[in-house]
There are 2 protein chains.
Amino acid sequence: MAKTKIQQTAFASSSAEILGLKAYPSVIAVPGKIDSAVIAVPEAFVAGVLEECGKKGIKGVVLITGGFSEVGKVEEEKKIAAIANKYGIALIGPNCMGVLTPASRVDSVFLPIYKLGRPRVGGISFISQSGAVGGCIVDLAARAGIGMSKFVSYGNAAVIDETDLLQYLANDESTDIIVAYLEGVRDGKKFLETAREITKKKPVVVLKAGRSALGAEAALSHTGSLAGSAEAYKAAFRQANMIDAATLEQLFDFAKIFDQVLPCGPRVGIVTNGGGMGVLAVDSLEDESLQLAKFSDETNKLLRASLPAYANVRNPLDLIGDADSHRYEIALNAMLKDEHVDIILLVILFQTAAIDSSVVNIAIRASDLRKKPIVAVCTGGEYTEMHKRILESYGIPTYSSPSSAMRAISRFHAYSVHYAKYNNTACAVPLKKQK
Amino acid sequence: MAKTKIQQTAFASSSAEILGLKAYPSVIAVPGKIDSAVIAVPEAFVAGVLEECGKKGIKGVVLITGGFSEVGKVEEEKKIAAIANKYGIALIGPNCMGVLTPASRVDSVFLPIYKLGRPRVGGISFISQSGAVGGCIVDLAARAGIGMSKFVSYGNAAVIDETDLLQYLANDESTDIIVAYLEGVRDGKKFLETAREITKKKPVVVLKAGRSALGAEAALSHTGSLAGSAEAYKAAFRQANMIDAATLEQLFDFAKIFDQVLPCGPRVGIVTNGGGMGVLAVDSLEDESLQLAKFSDETNKLLRASLPAYANVRNPLDLIGDADSHRYEIALNAMLKDEHVDIILLVILFQTAAIDSSVVNIAIRASDLRKKPIVAVCTGGEYTEMHKRILESYGIPTYSSPSSAMRAISRFHAYSVHYAKYNNTACAVPLKKQK
């Protein structure tokens, strides 16, 4: 399939052949209909090539080339936008990396695969004003085993802007979660109105860079964006029920938790094989205004009967450092059944002697029941990372610390409350089901 | 050497041989002098074995066994402590993993190496009340390429407590940075007085778990610690000039930055090959009350003459996405020379096509000059992580986001101001040199 696609790709170039594929002196000379074009010629030639694309009837263009409003050439960028609008071209860019769609393998990202990994197919779509930041996140996702639907690096947004992309992704069936890295917003009112509608159906996680006065200056010379004040943005995002990420880590941490069923409430059941992690988890739970679930009498009875006497049957449930996978199975089954538990925080320390890889299977099976969200915390080196990647690949979000997990859970819970207002549905339903 | 050590190790056991090594029916029966013992027998036998250790004249004991004050058996623990004190035994534990010293390969941590990696030799020493949390951090350090001097998991601290360990590490020549994970503090006044003296010479990074009311309860049932209020601890740590970490990530992030020369001031010079990362870095710099360095005229002139016209010569210095290693060399040399720059934040996005591994060499050479601290930010997947590990192995701290780097830099700068008060030294001196 990939091969067929490449054979349909045409190069407009002064050479007769590139990488064994026929090349043409101009896009006009390419025979047949063309759906979309990627333009990467030097800035001085962009207008001419875009004009030709218009004449050829091409409706989608990714314009990679930089050197427009981000270096002060505002008029040149307006000229490009005018050409695109004249021909009705949906133009992404300039000054961008374009589009990556893992499912169809459409990929205009011009960075090598060994440096920038391509993620598996999944439900997160990500738009990024900055190509560099976008690339990092995509690469991180690829490594962590997180799935993506679409990635769009849209750069200076001369024609298609963040609001257009948001709207597109809202209607895109393969997108469950929308993530955005923004430096500025072209039309604030339109953006917020659009976002407010979208967040009734899909979560939108946003990282706004250029929040500070100095950062705003830096943004202006990067993508030519006029950034607004931090407070104004924060308030606006909140009003539109977007999920505001303060750092790159949070953008990532928040987005991936939404691949779980929505929680029915804020009561977290914690299971761990390391007491210290339980203490840290409870600290973070309190920081994030979540609730520590009180296990039912039945759960306590069951756990006391099934676990060794020295296990600490309370919440956090400490299975003790010699816990094997079977103890986790007992704990997970009990918490899935207990109506006092809305969300399960599963701390697995893979360093301990008795734990083995089969605990991953147990966690994935429990998660596949789609009864309650299960969120994992695993901290460590190579052996731990290997298991985290497997958990992520099967849709269990993993975190390196209780605090980052609890922060994500609190956003997840808050969104689920908001979501319930607009969607007549029982809780514990995956977002996917709603479409 | 390792072999020799193992041949000197003796097992007290009812078998005649364990793993091909001679075993003895009791520690008394072992011929010759014994420096230290590791006790891992069931709780009921601990007192007897410890008594024997005392009679044998053993002065150092690691007591792994759990089941004492953390499960309410306070009297049993007091009895153990009394035996140790009677014989003048420095006892670590109970309920702990004991001691790991990478340089001498002394290692009582009973978890498998493939699960819990052992770090390279370095200047960070780490004491942890929780074995699990301690193990995670050690494992993380091993993977990230961070060096350690000593790791002590001290559990319930029946005899040797956090203050004793702090004092020991303060006098330990191979320890440059002290890191502590605490759930409670035995003698608050003594601890703080000790810490206040130590921080004049060595940085002490501390993570206090059980900060919240619920967390304190969890801590009580974990290591039997009575945790105090979050505010009280925070204020006390600040008074003692300790570096307060709020999360596991920060404990790690803060500790590793101190392997650099101390900065002469708060002015950060930022270099990047991705504009978006520059914007995020400046946002975080403002959050952390650091200063954006103003390059000298000479630096600006030099950079303009040496870099392509489209590079963004300002701070953050954007070398643009097509930057190769040579451009980084120009930038680093200029910033090392510029007296307006105190700290260099080196953002390297390894995803870009033109960058190659040689940039790592350039960064390490620049750092080896020991003129200014160099802190790296690299965000990404496998290819990026590989390069980060090399940077860390050669003492350049690396971070996954500008925000985590800036947070660490602000602690580093604040400590350097404090340090200068007590040490009659020029800045830009490594901590090591002061001992």
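This is a predicted model: local features need pLDDT of at least 70, side-chain atom pairs count only at pLDDT 80 or more; totals for chains, interfaces and linings use all residues.
Residues are numbered from 1 along each chain as its sequence is written, while chains are lettered from A in the order in which they are written. Local features need pLDDT of at least 70, side-chain atom pairs count only at pLDDT 80 or more, and totals for chains, interfaces and linings use all residues.

View 1. Phe151(A) is buried because 26 C-beta neighbours lie inside 10 Å; the cut-off is 20 or more other C-beta atoms within 10 Å, with C-beta atoms placed from the backbone. Leaving aside residues up to four places away in sequence, Phe151(A) touches Leu100(A), Phe126(A), Gly134(A) and Val138(A), where contact requires C-beta atoms within 7 Å.

**View 2. Chains A and B about their rotation axis.** Chain B is superposed on chain A by a rotation of 180 degrees with 0.0 Å of shift along the axis, RMSD 0.1 Å, fitted by least squares on C-alpha atoms of residues with pLDDT of at least 70 in both copies. The two copies are therefore related as by a two-fold rotation axis. Of the residues of chain B, Glu249(B) comes closest to this axis, its C-alpha at 5.6 Å.

**View 3. Helices H5 and H6 of chain B.** Helices are DSSP runs of H or I with at least four residues. The axes of H5 (residues 162-171) and H6 (residues 188-198), both of chain B, come within 9 Å and cross at roughly 15 degrees, with axes fitted to C-alpha atoms over the stretch in contact and angles running from 0 to 180 degrees between N-to-C directions. H5(B) is therefore roughly parallel to H6(B), a term for angles under 35 degrees.

Methods
A residue is buried if 20 or more other C-beta atoms lie within 10 Å of its own, exposed if 12 or fewer, and partly exposed in between; C-beta atoms are placed from the backbone. Two residues are in contact if their C-beta atoms, placed from the backbone, lie within 7 Å. Helices (H or I, at least four residues) and strands (E, at least two) are DSSP runs, numbered from the N terminus. Angles under 35 degrees count as roughly parallel, over 145 as roughly antiparallel, 65 to 115 as roughly perpendicular and the rest as oblique.
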